[in-house]
Amino acid sequence: MNAPNPSSAPAGPMVAFYGGVGTVTGSRHLLTVGSSRLLVDCGMFQGGRELRDLNWNQPEFDPKSVNALILTHAHMDHAGLIPRFVREGFAGPIYCTKATRELAEVILLDSAKLQEEDAQQANRHGYAKHTPALPLYSSADVEAALTQFTTVEYGEQFSPAPAFAVTLHNAGHILGSAFVEVAASWSGGATRMVFSGDLGRYGVPLHSDPEPLSACDAVAIESTYGDSVHDDTPLLEQVQKPFTDTLRAGGIILIPSFAMARTQLVTLMLGELMASGAIPRVPVHVDSPMALAITRIYDKHLLGTELDAGLGTEGDSAILPAGTTFTQTVQESKQLNGLAGPRVIIASSGMLTGGRVLHHLERLLPDPKNLVVLVGYQAAGTRGRQLLDGARSVRMHGNDVAVNARVLSIKGMSGHADSNELMRWFRSGRSLPRLAFVTHGEAGPATALAEKIRRDASVTAIVPKIGDSFDLASMLPRSTPQ
């Protein structure tokens, strides 16, 4: 389904979903009122080839027609296609928090570099699907996009287009993450819609609780864990024996982890476990230049928080175990492959879709004394999901690699709210929305959360498909300014 043409669209608000529906990646939601157009997020599709191929499609709407882009947070599934969108003609401002702007610069430049390197390697070794292999976007495309970023504070209202007044609120998911409150007005009335982005958990380390849901008529709510409740098994109970057994046997613990937010939570966990004596103190290597840059950003923004004022550099950060080393160059990364255990290696990406972690995985998987630790959501089609589902081999760099190492999935470390927490947030405002669009979830979780919203909150809930467009004025006929 094509996006409505702004010159022919109804005067009232239309919302269309072009990603982040039916899947947990590729978030992209378009809100139109007359000729005013607002895009919330511009994420990269991740997972199996069918999803990844969507990144190469032309936008379903003219990028030049979009007045502004609102970025909820800096994860790739929400921000990863911004440089390509700019290259395709989007020239408006990109609004986000200061922390999101700093994090986005790091992750987008890293993404471009990896794509450029992967394309070069594919061309060298002749395994590209297309000849020549090309990156989705270049480092120059990222630099161009970064000039369009404009930062705003939580709670600060701004007007990115004539029909819209927008406010960002802390979503508690990662540093700088926000949910987006949009007040839309037109000649026939006004309505208020909230886009949740990704919602964080309540009462967890490192990140604050999500702010209460703003009073609104409609909400687009994520559903990554819409059908499940996080396991509350204490972390020590989950990891003490497998970690200790691996390290005492001289094995290596490999933790595939997103460089942003998850790596900082993992190193915080390891530091506490080693300091308490719960697991042996061994060398910890973070094989990611991006993780070092992001840890410094976390340190900078967390000064004065409960983590204490001793934050500042990788040498004295309360986020890191003592003696943590960061691997920056490719040569240093290769040298890690020559080191015997016991030790811990943390490397991106968290779902094993690419990056340096694959070289470590290829070396460590065949050895039964090693341990691979999954610390977050594993999307369908990824190597992480294959390991989670018990695969006996996984394919990397054109080879099938035997899975003899143990695989441990740690429960409760997700940065996403679970089903109960999503409903807690949904009910946290002064009043309930009248309409909910359930997004950012695979079919099962999205359907389950929609049913829960209908049953427990008596609110109309819709699970959109990619390309679906909805006329909010007709669905909310008595909508008035709030």
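## Terms and basis

Two strands count as paired if DSSP finds at least two bridges between them. Helices (H or I, at least four residues) and strands (E, at least two) are DSSP runs, numbered from the N terminus.

This is a predicted model, in which local features need pLDDT of at least 70 and side-chain atom pairs count only at pLDDT 80 or more, while totals for chains, interfaces and linings use all residues. Residues are numbered from 1 along each chain as its sequence is written, and side-chain values use heavy atoms, with hydrogens and water left out.

## Paired strands

Strand E7 (residues 158-161) pairs with strand E8 (residues 164-170) in the antiparallel sense, over 2 bridges. Ala-161 stands opposite Phe-164 in E8. With 2 residues between them, E7 and E8 form a hairpin.

Strand E2 (residues 29-33) has two partners described here. With E1 it pairs in the antiparallel sense over 5 bridges, and Ala-16 stands opposite Leu-30 in E2. With strand E3 (residues 36-40), E2 also pairs in the antiparallel sense over 5 bridges, and His-29 stands opposite Val-40 in E3. E2 and E3 form a hairpin with 2 residues between them, and Gly-34 in the turn has a positive phi of about 60 degrees. E2 is mostly covered: 5 of its 5 residues are buried (buried means under 20% relative accessible area, exposed over 50%, partly exposed in between, with a 1.4 Å probe and protein chains only). His-29, Leu-31 and Val-33 point one way from E2, while Leu-30 and Thr-32 point the other way.

## Helix H4

Helix H4 (residues 98-125) has 28 residues and reaches 41 Å from its first C-alpha to its last, close to the 40 Å expected at 1.5 Å a residue. The expected span is 1.5 Å times one less than the number of residues in the helix. After H4 comes Gly-126, whose phi is positive, near 75 degrees.

The buried residues of H4 include Leu-103, Val-106, Ile-107, Leu-108 and Gln-115. Among the elements that the buried residues of H4 pack against are helix H2 (76-79), helix H3 (82-87), strand E5 (94-96) and helix H8 (289-302).

## Aromatic rings and charges

A pair of aromatic rings is described by the distance of the centres and the angle of the planes. Rings of Phe, Tyr and Trp (its six-membered ring) pair if their centres lie within 6.5 Å; planes under 30 degrees apart count as stacked, over 60 as edge-to-face and the rest as tilted. A search of the whole structure finds 9 aromatic pairs. One of them joins Phe-17 and Phe-470, and it is edge-to-face, at 6.1 Å centre to centre with 65 degrees between the planes. This pair links distant parts of the chain, since Phe-17 lies in strand E1 (residues 13-17) and Phe-470 in strand E22 (residues 469-471), 453 residues apart. Phe-17 is buried because its relative accessibility is 0%, and Phe-470 is buried at 14%.

The pair of Phe-85 and Phe-90 is stacked, because the ring centres are 5.2 Å apart and the planes are at 25 degrees. Phe-85 is buried, at 2% relative accessibility, and Phe-90 is buried with a relative accessible area of 2%. Ring pairs link Tyr-18, Phe-61, Phe-85 and Phe-90 into a cluster. Charges also sit over rings (NZ of Lys or CZ of Arg within 6 Å of the ring centre and within 35 degrees of the ring normal). The charged end of Arg-101 sits over the ring of Phe-149, 5.6 Å from its centre, and that of Arg-424 over the ring of Tyr-202, 3.7 Å from its centre.

## Nonpolar cores

A nonpolar core is a set of buried Ala, Val, Leu, Ile, Met, Phe, Trp, Tyr and Cys residues joined through side-chain atoms within 4.5 Å. The largest one has 74 residues, and those with the most contacts inside it are Ile-82, Phe-243 and Leu-270. A second, separate core of 32 residues includes Ala-68, Val-152, Leu-168 and Ala-178.

## Two buried loop residues

Leu-352 is in the loop between strand E15 (343-347) and helix H10 (357-364). Leu-352 counts as buried because its relative accessibility is 0%. Its C-alpha is separated by 6.6 Å from that of Pro-256, 96 residues apart along the chain. Leaving aside neighbours within four places in sequence, Leu-352 is in contact (heavy atoms within 4.5 Å) with residues including Pro-256, Arg-383 and Leu-387.

Ser-288 is found in the loop between strand E13 (284-287) and H8. Ser-288 is buried, with a relative accessible area of 7%.
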